[in-house]
Amino acid sequence: MRLEAREHTPLWLPWIAILSSGLITLIFAAILIMVAGASPVTGFYELYKGAFGSKNSIAETGATATPLIFTGLAAAIAFRARFWNIGAEGQLYIGALAATYFGTGLVVFSPLVMVPFLLLTGFLFGALALLPMVLLRQFLKVDEVVTTLLMNFVIILLVSYLLEGPWKDPYSLGWPQASPVIDQGVLPQIIPRTRLHLGFAIAITMAFLVWYIQSKTSFGFSSRAVGFNPSTAKHSGISVTKTMIGVAVLSGGIAGLAGVSEVAGLKGYLTLDLSPGFGYTGIAVAMLGNLHPIGVIFSAIFIAIIYVGAGAMSRAIEVPTYLADVIVASTILTVLVSLILIRYRIMLRGKF
Amino acid sequence: MTALLNVKNIDKSFGRLNANKNISFDVASGEIVAILGENGAGKTTLMNIIFGHYVADSGLINFNGNELKAGDTKAAIDAGIGMVHQHFTLAENLTVLENILVGTQPLYQPRLSERKAKEKLKYLAAEFGLELSPQQLVRNLSVGEKQRLEILKTLFGDCKLLILDEPTASLTPQEVKTLFISIRKMVASGLGVILISHKLNEILEISNRIIVLRSGEVVGKVKTKNADKTQLGEMIVGRKINRPIRKENSFKEARIQLFQLSTKSGNGLAALKNVDLEVRGGEIIGVAGVAGNGQKALAEVLTGHNKPNSGKIFVNGKNLFGKTPSDFMNSGVAYIPEDRNADGIIGDMSVWENIILTESKNLKFFNKKGILNIKNSHELANSVCQKNDVRCQSIEQSARLLSGGNIQKLLIGKWLERKPSVIVACQPSRGLDEGAISAVHKTLLSERKKSTAIILISEDLDELLLLADKIVVLFNGKLSQFIENSNLNPNKLGLMMAGDGF
């Protein structure tokens, strides 16, 4: 058996592929819910209710999608250029550290200045956190998968040290958390009295901005060229190193924004459990969105629905919350397979 | 004479493409049958069917009196069919002897029975003039020696029919001669040989019979002694070949100059040693040489991709030592790389995007803020495709779907839009069909007329003789003296390519 590239893709094929991958995932999830001893119909209803049932649950879904859009964009931008940034988790925490350092009283501006200022510093610090890795790769051929992945642990240990030591909030009753961000720096809520904050709108704006950069600017053009074929890019006079640095700045910076958004928008202060692996889930978000910035919005919201909905479902009908992970994972698998089948057809052995 | 191999009514399609249509022929013991045809004529598909890599849609193959099992390479080898592919299939880190023994001995046997093998190897080598030291590491062998080893491998397996796919592609004229002597000896001992090639002169010299394939069909079967070169050429292409002619031209001032230029080896590139080169406007300098003697290093030095460590390099009077590829481009250098799919185009991007790849800093296509101007880009793409006869369904089509000839025309066409004063072209016609080859040659000659300086690096001597005003030979990173095209002696050139006079 082997794969053969399709010369022409029928127009109906992508739709059938996406629909059937959704269907396969639903069937798979239904089986698992049944194995857990509950009715799939009730299960799916509870999942839907948990994610969309009320103003609060919709807001909760949006709030969960926010960091995923940021980290999904960070991964999508880097992966598009074949720069394997696995370190969005660390860059998110660096962004959060920047928001905490500058946002807890070191400087005080009016909210109109303070919020953009915190976002900008978060972006810059996130970008700086990824910069050494891209330089190491371009100049010394150090594999970025290793450096970005391992840096996550270094950064999380740094955060842990700061929260247990110098940055520990004296009023936190002994909890390892930093002082809260001052009022001027807090991202306002979009829906009052819910957890949905301005970060969600910023994330969506960033996605459109990235889409514009990638499709309409010379930097986006170069970064796509470098991603597809660095050798041809080089032969066309495009500086691969400069382009990769640009990609790293954008990718790390947007991951840093996720940290600012979580600290200044959702929680109000930095804790060690600020991110339950948003950086890693971002990779799944990017893959599911086919590395397209607008696709990232949809896939982040989808994964947020599954997580929030599955949480509600497990509380209502007592199935394990791990079902959410299984559903997300099987969706990614089926979508990836369907993306391959859109581009290739399967040839059975003996026929070729 | 009974037929050793009998191929009957072979059909094979890949999707909509008919690679082989109702092909029948036979080969007897003791004869050399040449299969001629352009790239894509179906030669390699046919051989792969005989050798069991592919299964034919219909048809029969009889070998040595028995039907050959379809799609079973091992059955083909066991029956006595040996194939030497154009790209060698040797383990570089093993010795000559070990390469021969691989696959011939059972895996569970703890020791290789080397002694007997060595004796047999010695005998074969002496018998057929294929001398090789059994203990030598394959990575230290020259291309010609590697090919000898490939042939020895098949002979060691007692093959009765030897298939040679483009055996002379990267050999010097002298190596071709010794190869032909060996082939004649093998045939005399009763072997059947199928020779796949597109080099007419060689085929006429060595074969007994010629079979011509065109778009998957047999369009001619002739005895070599009755064959006529022009007629064969037209049979291969299917129409009259219209070769461009190089006319007298006046030369302008030097456009690109290298003085005592040296580079380090590395990244798979050979080192250049004290290279001097000067190309004037309106002049084509041909660089001859066997692959791997520094061709790529030279091309990359001339285009800024390979940084020299000593010497001087001037483009239009400007010192560009140590500058980047984009500085070279901005000084008017265009580069047609050898591997157009890997270095020339981006298959996943559309035709128009490929055409503006070199223009990411051109204000006409990306304004001061770096925003793409789609209208101008599409206009340029359409005009490049039209002027250079690039056939594509639309400029939105992925470049990967274009044929090799169209890719090359696109590539050259888009570089010409930059109005280069120097063109560095590496193997510009390799792998193209006759129509595309003559289009490429015409373009290069018309650029020459426009006073562009052209460096043509090619392993194809016919191409160099057709286009170049002067020829230099590259051997082991060193350049020879210039030889005027008019007083060129192919025999002497061959000796120089093998290192004579360096």
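## Salt bridges between and within chains

A salt bridge is counted when a side-chain nitrogen of Lys or Arg lies within 4 Å of a carboxyl oxygen of Asp or Glu. By this rule, A:R224 and B:E353 form a salt bridge through their side chains, at 2.1 Å from N to O. The model is predicted, so local features need pLDDT of at least 70 and side-chain atom pairs count only at pLDDT 80 or more, while totals for chains, interfaces and linings use all residues. Residues are numbered from 1 along each chain as its sequence is written, chains are lettered from A and ligands numbered from 1 in the order in which they are written, and side-chain values use heavy atoms, with hydrogens and water left out.

Over all chains, a search of the whole structure finds 29 salt bridges. Burial is described here by relative accessible area: buried means under 20%, exposed over 50%, and partly exposed in between, with a 1.4 Å probe and protein chains only. In chain A, the side chains of A:R137 and A:E144 form a salt bridge at 2.9 Å, N to O. A:R137 is partly exposed, with a relative accessible area of 22%, whereas A:E144 is buried at 3%.

In chain B, B:D57 and B:K12 meet in a salt bridge at 3.9 Å, N to O. B:D57 lies in the loop between α1 (43–50) and β4 (58–63) of chain B, and B:K12 in strand β1 (residues 3–14) of chain B, so the pair ties together parts that are 45 residues apart in sequence. Helices (H or I, at least four residues) and strands (E, at least two) are DSSP runs, numbered from the N terminus. B:D57 is partly exposed, with a relative accessible area of 44%, and B:K12 is buried at 1%. Another salt bridge joins B:D389 and B:R391, whose closest N and O atoms are 2.9 Å apart. B:D389 is partly exposed at 36% relative accessible area, while B:R391 counts as exposed at 57%. Salt bridges with shared partners also link B:D26, B:E31 and B:R209 into one network.

## The interface of chains A and B

Contact means heavy atoms within 4.5 Å. On this basis, 35 residues of chain B are in contact with 24 residues of chain A. The size of an interface is often given as the accessible area lost when the parts come together. Buried area here is that loss, found with a 1.4 Å probe and summed over both parts. Between chain B and chain A it is about 2500 Å², and carbon and sulfur atoms give 54% of this.

The rule finds one salt bridge across this interface. It also finds twelve residue pairs in polar contact, with both residues at pLDDT 80 or more. A polar contact is a pair of N or O atoms within 3.5 Å; within protein, one must be able to donate a hydrogen and the other to accept it, and residues adjacent in sequence count only if both atoms are side-chain atoms. On the side of chain B that touches chain A, α10 (325–330), α11 (340–344) and α14 (404–416) of chain B each supply at least two residues. Of the elements on that side, α11(B) gives the most, with four residues.

## Domains of chain B

An automatic or database domain assignment sets the domain bounds. For chain B it gives domain 1 (3–237), domain 2 (243–332 + 421–502) and domain 3 (347–419). The C-alpha centres of domain 1 and domain 2 of chain B are 34 Å apart.

Nine residues of domain 1 of chain B are in contact with twelve residues of domain 2 of chain B. The area buried between these two domains is about 840 Å², with carbon and sulfur atoms giving 57%. B:N39, B:T172 and B:Q174 supply 44% of the area that domain 1 buries against domain 2, more than any other three residues. Between the two domains there are zero salt bridges, and the rule finds zero residue pairs in polar contact, with both residues at pLDDT 80 or more. Helix α6 (residues 173–188) of chain B gives the largest share of the side of domain 1 that touches domain 2, three residues.

## Strand β13 of chain B

Five of the five residues of strand β13 (residues 284–288) of chain B are buried, so this strand is largely enclosed by the rest of the structure. In a regular strand the side chains alternate between the two faces of the sheet. Both faces of β13(B) are covered: B:I284, B:G286 and B:A288 are buried on one side, and B:I285 and B:V287 on the other.

Two strands pair if DSSP finds at least two bridges between them. Four bridges join β13(B) to the parallel strand β18 (residues 453–457) of chain B, where B:V287 stands opposite B:I457. Four bridges also join β13(B) to strand β19 (residues 470–475) of chain B, again in parallel. There, B:I285 has B:K470 as its bridge partner.
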